[in-house]
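Visitor: Could you take me closely through the salt bridges of this model, and say which residues take part in them and how they sit in the fold?

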Amino acid sequence: KKIENKLENAFPNLIRSRYAMVCYGGEGNVSYSNAKHLGLIQDEILQSLCSKFQTEAELAEAAEKVDLNEAKKLLEEKLLPEQQRLGIDLSTVKH
């Protein structure tokens, strides 16, 4: 959750939590179905980013240590094409 929040704050037009998309995203073609679909891709990205942290202590500090350059690359490679294909504009998701 903390990593997701950090990515949301760093890249608000690339990633939003499922909650934010469902509650606040109707204007940008963010239907429940689209939010669910994007959420699955986001989970894969978050799992990939978290896989670098092995111990309980590392996981506790993961949000501070997550590689934002790698995160942006993954978001642009995996998530952005799906957003574009679905006609989703996350800039309309405000909370």
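Predicted model: local features only at pLDDT ≥ 70, side-chain atom pairs only at ≥ 80, totals over all residues.

Guide: The structure holds six salt bridges, among them one in which the side chains of arginine 18 and aspartate 43 meet, at 2.3 Å from N to O. Because arginine 18 belongs to helix α2 (residues 18-24) and aspartate 43 to helix α3 (residues 32-50), this pair ties together parts that are 25 residues apart in sequence. Arginine 18 is partly exposed, at a relative accessible area of 31%, and aspartate 43 is likewise partly exposed, at 34%.

Helix α6 (residues 68-86) holds both lysine 72 and glutamate 76, which lie four residues apart, about one turn of the helix; they form a salt bridge whose closest N and O atoms are 3.9 Å apart, a value that counts because the cut-off is within 4 Å. Lysine 72 is partly exposed, with a relative accessible area of 36%, and glutamate 76 is partly exposed with 37%.

Also in helix α6, lysine 73 and glutamate 77 are four residues apart, about one turn of the helix, and their side chains meet in a salt bridge at 3.4 Å, N to O. Here lysine 73 counts as partly exposed at 48% relative accessibility, while glutamate 77 is partly exposed with a relative accessible area of 47%.

As for the charges of the whole chain, the mean positions of the 13 positive and 15 negative ones are 2 Å apart.

Conventions
Residues numbered from 1 in each chain as written. Heavy atoms only, no water. Lys, Arg positive; Asp, Glu negative; His and termini not counted. Charge placed at Lys NZ, Arg CZ, Asp CG, Glu CD. Helix = DSSP H or I, 4+ residues; strand = E, 2+ residues; numbered from the N terminus. Buried < 20%, exposed > 50% of the residue type's maximum accessible area, 1.4 Å probe, protein only.
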